[in-house]
Structure formats: C-alpha cells, structure tokens
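Subject: Structure for you to look at, with notes

Dear colleague,

I am handing over the structure below, together with an account of what was found in it. Please read the notes with the structure open beside them.

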Amino acid sequence: MSRRATIASVELIEEAARLICDEGYTDYRLAKLKAAERLGLGRSPSYPENHQIESAVLDRQALFGGPEYFEHLRRMRVTALRAMKLLDAFSPRLSGSVVTGAIGSGHRVQIHVEADQPETVEMLLHDRRVRFEQDERRYRLADGRDQQVPLLCIEADGIGIDVVVFDPGTQRNPPLSRIDGRPARRLPADQVQALLDAAPYSGA
C-alpha cells in the first residue's frame, strides 16, 4: 500500500469512528461509506476491516469520551443486567458493543434469549407491564445459515434494549459477530456483573 493510500485508510478509520461515536451510526459498513464520501475517497475497493473501526472507536472514547462516556457505558450495563434478571428463565446473554465498550450515541443494549415460542417472552413482558415494539433482525449463524429472528425493542430509563429471541440450542450454534465474523461474545449475568465491578467508569 502506498503512503498516500495508507494515510487515506487511517483518515477513513478515524472518520468512521467519529461517525459512530458522535453521530449515531451503528452499522460499520454505512459508517465506512459515509466516511469515504465525506473524505472524497469515492467507493474504495479496500475499506478497512470492521475490527479496525471498533478499535478506533475504543481509542476515541478513551481519549475524548470523558466521564460522560464511562457513565453512559456503566448505565447501559446496569440496565442490561436488570433486564437479564427479568428474563432469567430464557437464558439471557449480553452481546454487542456494550460488551466491548465500543459504543457511540446510537447504540442499544443487545440481549439474546432462547425460547421455543417468542410469545412466551412477550407474555412475560406483558405480565410485568414492560412496553415493547416488535421487529425482526437477520443473523448469520455459526453453521452458515441465515436466520430471521424476532426482536422485542424496549426503552428503559433512556436506554434502548433489543431483546433478540433465538430458538433453543443457540449456545451450540451461536450467531456470528458483524465485527469479525466469528461467534459473537455473549455474556451471562455473572460476567456482566464482573464487567461492572472491574471497569474504570470514572474515566481516570
């Protein structure tokens, strides 16, 4: 790669990270496309990898996020833990950017649950008077299949929560990460608590 191309790639990574941190982008592909457009790079055939963008998001938040970033991440994890306790009967796991800390202004808590019938999760939420909206999301599973999965969207204390309802057996055939294409990290409640206990939320 030429020096000019290397500089352009670094600038694209930094701009995509800024879009995610500051402008609400959560889709890395869209962030890269918008960054290339803003930098006048056109539709480059050699966009950086998603893991490079994620690393830049973490670096940017560590440098510029300040106490607000650390407090928001703490609130998202606390909210996730509360939701997981509510959903305990459905083997909840926390996934996505709230696990890694690579969050921006548009990110929501991602909780994966398992149920034979999505309606059982909905009934629990109804019984607990938790308001939600229904949607769907497509995932690629470890066995190579694409699956359209029910999604229940909740708002709690200013934090968005997406409850993704997978079929039983997802632990053996997990969804793949959109960042690196590997099985997604999915943390049970005790590991989320460990994140809360260990993370430097003061920003120091």
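In what follows, buried means under 20% relative accessible area, exposed means over 50%, and partly exposed covers what lies in between, with a 1.4 Å probe and protein chains only. This is a predicted model, in which local features need pLDDT of at least 70 and side-chain atom pairs count only at pLDDT 80 or more, while totals for chains, interfaces and linings use all residues. Residues are numbered from 1 along each chain as its sequence is written, and side-chain values use heavy atoms, with hydrogens and water left out. Helices (H or I, at least four residues) and strands (E, at least two) are DSSP runs, numbered from the N terminus.

To begin with accessibility, Glu23 is in the loop between H1 and H2 and counts as partly exposed, because its relative accessibility is 34%. Its C-alpha atom is 31 Å from that of Leu86, a residue 63 positions away in sequence. Ala16, by contrast, belongs to helix H1 (residues 3–22) and is buried, its relative accessible area being 0%. Between Ala16 and Lys34, which are 18 residues apart in sequence, the C-alpha to C-alpha distance is 7.5 Å. Ile53, in helix H3, is likewise buried, with a relative accessible area of 0%, and its C-alpha atom is separated by 9.2 Å from that of Ala31, 22 residues away along the chain.

Two backbone angles deserve a note. Most residues other than glycine have a negative phi. Ser91, however, has a positive phi, near 50°; this residue sits in the loop between helix H3 (50–86) and strand E1 (93–95) and counts as partly exposed at 35% relative accessibility. Asp157 also has a positive phi, near 55°, and is found in the loop between strand E4 (146–156) and strand E5 (159–166), where its relative accessible area of 58% makes it exposed.

As for helix packing, the axes of H3 and helix H6 (residues 189–198) come within 10 Å and cross at roughly 155°, where axes are lines fitted to C-alpha atoms, for helices over the stretch in contact, and angles run from 0 to 180 degrees between N-to-C directions. H3 and H6 are therefore roughly antiparallel to each other, a term used for angles over 145 degrees, whereas those under 35 count as roughly parallel, 65 to 115 as roughly perpendicular and the rest as oblique.

Lastly, the pockets. On a 1 Å grid over the protein atoms alone, a pocket is an open set of points with protein on both sides within 12 Å along at least five of seven lines, a cavity is a set where a 1.4 Å probe fits but cannot get out, and lining residues have an atom within 4 Å of a point. Grid points are joined across faces, edges and corners, and a volume is the space filled by probe spheres set on the points.

The largest pocket has a volume of about 860 Å³ and is lined by 29 residues, of which Thr26, Gly96, Ser97, Arg178 and Ile179 lie nearest its centre. Its lining divides into seven nonpolar, twelve polar and ten charged residues, where Ala, Val, Leu, Ile, Met, Phe, Trp, Tyr, Cys and Pro count as nonpolar, Asp, Glu, Lys and Arg as charged, and the others, Gly among them, as polar.

The second largest pocket holds about 230 Å³ of space, and its lining consists of 13 residues, with Ala83, Leu86, Val130, Ala156 and Ile161 nearest the centre. H3, E4 and E5 each give two or more residues to this lining, and H3 supplies the largest share, four residues. Here the division is nine nonpolar, one polar and three charged.

With best wishes
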